[in-house]
Amino acid sequence: MHFSKFMLILAMVCVVFAEAGCSSSSSSGGDTSANPQGKVNLVFWSHQEDAIVGAYKKLISKYQTLHPDVTIEYQTFPYDVYSQKLKASFSAKKPPDIAEFFGTWVPEYSKNDLLVEIPDSENVKKEYYDAPLGGYLRDNKLYGLPLEYNIENGGMLIHPQMLKDQGFDHAPSNWTELVDYAKKLTVRENNVIKVKGFDFVSADNITFTFLSLILQQGASFMGEDGHVNFHSPEAEKAMSTLVSLVADDQVADLTTFGGELDTSDYFFQGKSAMTYRGPWTIAAGQNNYKVDDFEYVSVPSFTEYPPVFAAESGWGLAVSKKSKQQAAALDFIQFISEKENLTTWNTDTFTVPAKKEIAENPEFLKNNPHLKPSLAILALGQWIGPIADRDFFFKQVNDNFQLMASGQQSVQDGLANIEQTINDNQDQHK
Amino acid sequence: MSTAISTNKADKVNPAVKSTAYRAKRRFIIISLVPILLLFGVFAFLPIAWSLGLSAFKYDPLSSNAIFVGAENYIRMFQDSIFLKSLWVTFKFVFIAVLINIVITLLIASAIQRVRIPWLKNGFRTVFFLPTIAPLAGTAIVWNTMFNYNDGLFNMILAKVNMAPIQWLSDPHYALYSVIMMTLWADIGYNIVLFIAGLDSIPDMYYEAATLEGAGRWHVFLHITLPLLRRTLLFVSITTVVSYFQAFPQFQIMTKGGPFNETRVLSLQIYEQAFSSSNMGYASAMATVFLMIILLVTLLQLRWGRTQWEH
């Protein structure tokens, strides 16, 4: 064989191998169509969490029984990698037919025309609360159906016995009382806090509480052109209040921040008397710690205004525009969003319903009594807004909060830093 | 002598046969090199070139459009306080970790090299090399548990000696040093093995001469071992510096760049900009600058560590 021909063949073989390696189709993502028997195959992705996976499996099984011509291939991924896995599959134009999205991620996809619009958007959106819907809406059109109301505000875990030991026979009913309780409930040994009176120092709650305290003063934290506004007197008062709880009142500290355990874990271990956290932590207490000597109660408003709050849009489902079976995929997510099925999903996953008719159903409250404080304030929730990079946003608030609380930075400087870095980041995503 | 004979024989070979032999030799070399060159081309040079091109664009992988921004990404970089911080943290990490690594590994290698019982010497070499076998990600997870504030091994030891517990990974004063500690534990095996090989290759006659001259141990180490180990030292320092510049899994797993970006090395910042924030163009610009920095540092090391002798 002539040498140049040999080289050509060798080069072609290498290229073919490289191409095969880069583009080999896998069962995940995109490989979906009706097979010769007329059966519809749909690929469905979600993140991994035992209760959520179990709830999806139950509804998939029910759907497949009702639709024997449809097969749903359900694949799950650890939360830490799920967002990037999803992004990679959409960039490679091989996304799953149906994907579970966290509401805050959706605008990036809908803006790039990667998701299917939900039919009859105008009427469907009336069935949901505003906060869980915000992320799924674009130009007044709906690009997914939220399954839960992601609420971190309005409720806290308390140990009634610890309150009783200090002579408190009811939960705090206003902010002054809350601070007073917190100070008396804090237990110290050799200047180290052993039991925190009021713990809110978690990656989510610092930001959510800060934003809500601004809203509860009747102000807004969103400025113009997608920017945040943290140089208002209300923002300064909100941040000063939170910083003061750590720096002056010393009812919480930064020692457990950034560790592996959640603030709710420390609560269930008896290391805090009151912990500001979402109702989803109730399940952790009951299932992981097998404790029931706690209650989930309302957190009073910071002002005389109602306890309005900011919330992200939580987990929901959307259909990929690349799906070859868009109608079947839409049918599946509409099936999950039906009252009966979504009620089951919310109950099994211990999540707060995004759909009004479920949240307002007395039967749901009867079956989930711990959710009472959260269910009572759902209408007061306001969508957090078009945050381009959620992790970056929360990190800026958390990092600067730590510097302010440890006295390394003034509140004014901290707020200026947060505003500047977040707005720069927002501009980069326009 | 033998060279002259072969030259004479070669002179007698027909020029046509000589040319065929030369072509065959050249063909063999090319065939041998093509696969590896293709591999490098597709998986190393092409991505570098691609990244270089991408650095002039604003590109979100979910979008079908890439906007040409010219040098904007580079200009932005030098006004970006987080990038500048990550650059500083990277240099700090590399400088401290490489320095400690080389000092420790050289000391351990010298100690092991003095062991005269072969099985014991091999045993020591194996023990120190063992941590390098474990994947860095796994090692980072295990060390994470040891750094735990509440029930980690290190705070348990501190408690035994009546010392206050430390926030190993979330206190800005300790976080970077904690990661350095873990990195050194996981990585010193390679350099110990390399240094032992380098020390073994130094002829005994120099030491014998020094002993006869009455030189002390420190004098011998400073004036014989170190100069004759210079080539090994150069190789070890270059590979360690390059590898530490690229350190990523331990930071991603143990601290995620926190607290307050005190452990945000450049590789982590590039990764987060590219895959979490979807700023592929900006991440590419940072990667280009990073490549230039590593290249420059390596060239400087090569220049400063150049030797003209052989033993």
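Buried area is the accessible area, found with a 1.4 Å probe, that two parts lose on being put together, summed over both. Keep that in mind for the first stop of this tour. The model is predicted, so local features need pLDDT of at least 70 and side-chain atom pairs count only at pLDDT 80 or more, while totals for chains, interfaces and linings use all residues. Residues are numbered from 1 along each chain as its sequence is written, chains are lettered from A and ligands numbered from 1 in the order in which they are written, and side-chain values use heavy atoms, with hydrogens and water left out.

**Stop 1: where the chains meet**

Select chain A and chain B together. Between them they bury about 2700 Å², with 54% of it on carbon and sulfur atoms. On the side of chain A that touches chain B, the elements giving two or more residues include helix H1 (3-23), helix H18 (390-405) and helix H19 (411-428) of chain A. Helices here are DSSP runs of H or I with at least four residues, strands are runs of E with at least two, and both are numbered from the N terminus. The contact (heavy atoms within 4.5 Å) takes 32 residues from chain A and 27 residues from chain B.

How many salt bridges are there between chain A and chain B? The count is zero, where a salt bridge is a side-chain nitrogen of Lys or Arg within 4 Å of a carboxyl oxygen of Asp or Glu.

**Stop 2: salt bridges inside chain A**

Now pick A:Asp204 and A:Arg277. Their closest N and O atoms are 3.9 Å apart, and the two form a salt bridge. A:Asp204 lies in the loop between strand E10 (192-199) and helix H9 (205-215) of chain A, and A:Arg277 in the loop between strand E11 (272-276) and helix H12 (281-287) of chain A, so this pair ties together parts 73 residues apart in sequence. Are these two residues buried or exposed? Both A:Asp204 and A:Arg277 are buried; the word means under 20% relative accessible area, with exposed being over 50% and partly exposed in between (1.4 Å probe, protein chains only).

Next, show A:Arg390 and A:Asp391, another salt bridge, with closest N and O atoms 4.0 Å apart. A:Arg390 counts as buried because its relative accessibility is 18%, whereas A:Asp391, at 53%, counts as exposed.

**Stop 3: a helix in chain B and its surroundings**

Move to helix H13 (residues 266-276) of chain B, where the buried residues include B:Leu266, B:Leu268 and B:Ile270. The buried residues of H13(B) pack against helix H3 (72-77), helix H4 (81-114), helix H12 (249-254) and helix H14 (280-304) of chain B. Just after H13(B), find B:Ser278, which takes a positive phi of about 60°.

Then select B:Glu262 and B:Lys85, a salt bridge with closest N and O atoms 2.9 Å apart. B:Glu262 sits in the loop between H12 and H13 of chain B, and B:Lys85 in helix H4 of chain B, 177 residues apart.

**Stop 4: a strand residue in chain B**

Finish at B:Ala66, in strand E2 (residues 66-68) of chain B. B:Ala66 counts as partly exposed because its relative accessibility is 41%. Leaving aside neighbours within four places in sequence, B:Ala66 is in contact with B:Phe57, B:Lys58 and B:Tyr59.
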